[in-house]
Amino acid sequence: MNAIKSVVMGFVCLAAGLAGADGVTGAYRAVEYLQSDGTQWIDTGVVPTTKDVVTVKASSSSANTTLFGAKSSANNYVRIFMDSNKKLHVISCVQYDRNSGLDFPLDEAVTIVYDAAGKKISLNGSSYAIPDNATYAPTVSYHLLGYNNSGTSAARMTAKIYSFRIKSNTADHVFIPCCRVADNVCGFYDTYDGSFLVNANTAE
């Protein structure tokens with residue numbers, strides 16, 4: 001299978017014959033992943049709750065950056081990020097340090113599941129408890145490839161994103177990496193409402 005790479009709106013997208021992926025309309029072509037260079041981010045429009053289950057498959061070697069998150073105040077935030085030693089951290093009001101984070105380096109694709117209701121994080125199927133975040137009540141939306149710091153993108157990550165999903169009590173947003181057929185703009189197609197999220201660091 002021949003792969004086609006294109007650089008569009010700051011993203012590199014790898015098209016590998018994935019057209020027709022579940023939930024994607026004919027106006028979009030599904031791709032294997034979207035790759036950022038540290039200047040892009042996605043505003044999901046979804047405000048976090050304590051009932052969310054967020055699943056992302058990603059790879060990165062970018063230290064001191066955030067994969068996804070949101071922060072509206074000192075006591076209202078959630079972030080999944082890598083420190084200077086590339087250890088994985090989860091912050092949700094109080095910090096949970098995955099001390100053995102180097103066991104799961106993100107330089108190869110890792111599936112991460114942040115389960116707020118279940119108070120756990122899963123890395124390639126292995127689960128670890130995280131602190132109770134019952135008082136968490138943010139007011140800004142999740143950003144992917146960084147975190148939403150009260151409306152400003154922060155700690156952007158250089159990464160490949162293979163899949164991304166935010167499931168709450170009221171909605172199930174499945175974000176599929178795609179390119180829009182009409183103009184080859186790359187972004188994430190949301191199967192929940194049919195929206196297409198592109199790099200927020202553009203004027204589109």
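Predicted model: local features only at pLDDT ≥ 70, side-chain atom pairs only at ≥ 80, totals over all residues.

Visitor: Why is Tyr28 called buried?

Guide: The relative accessible area of Tyr28 is 15%. Buried means under 20%, so Tyr28 qualifies.

Visitor: What makes Phe196 buried?

Guide: Phe196 has a relative accessible area of 13%; the limit is under 20%, and Phe196 is therefore buried.

Visitor: Why is the pair of Tyr28 and Phe196 called tilted?

Guide: The two ring centres are 4.6 Å apart, with 35° between the planes. Rings pair if their centres lie within 6.5 Å, and planes under 30 degrees apart count as stacked, over 60 as edge-to-face and the rest as tilted. The angle of 35° falls in the remaining class, so the pair is tilted.

Visitor: Which parts of the chain does this pair tie together?

Guide: Tyr28 belongs to strand 3 (residues 28-30) and Phe196 to strand 20 (residues 196-198), so the pair links parts that are 168 residues apart in sequence. A search of the whole structure gives 6 aromatic pairs. Phe68, Tyr142, Phe164 and Phe175 make up one aromatic cluster.

Visitor: Which residues touch the most other members of the largest nonpolar core?

Guide: That core has 35 residues, and those with the most contacts to other members are Val56, Phe68, Ile112, Tyr114, Leu144, Ile161 and Phe164. Another core, of 9 residues, lies apart from it and includes Tyr28, Ile176, Val185 and Phe196.

Visitor: What is in contact with Ile112, leaving aside its neighbours within four places in sequence?

Guide: Ile112 is in contact with Val54, Thr55, Val56, Leu67, Leu88, Leu106, Ile121, Ser122 and Leu123.

Visitor: How do you know that strand 11 pairs with strand 6 and with strand 12?

Guide: Pairing requires at least two bridges. Strand 6 (residues 53-59) and strand 11 (residues 110-115) are antiparallel over 6 bridges, and 4 bridges join strand 11 to strand 12 (residues 120-123), also antiparallel. Both therefore count as pairs. Ala58 stands opposite Val110 in strand 11, and Val113 stands opposite Ser122 in strand 12. In the hairpin of strands 11 and 12, with 4 residues between the strands, Lys119 takes a positive phi near 55°.

Visitor: What makes Lys71 a charge that sits over the ring of Tyr77?

Guide: The charged end of Lys71 sits over that ring, 5.7 Å from its centre. Arg79 lies over the face of Phe81, at 4.6 Å from the ring centre.

Methods. Residues numbered from 1 in each chain as written. Heavy atoms only, no water. Core = buried A, V, L, I, M, F, W, Y, C linked by side-chain atoms within 4.5 Å. Buried < 20%, exposed > 50% of the residue type's maximum accessible area, 1.4 Å probe, protein only. Contact = heavy atoms within 4.5 Å. Helix = DSSP H or I, 4+ residues; strand = E, 2+ residues; numbered from the N terminus. Lys NZ or Arg CZ within 6 Å of the ring centre and 35° of its normal.
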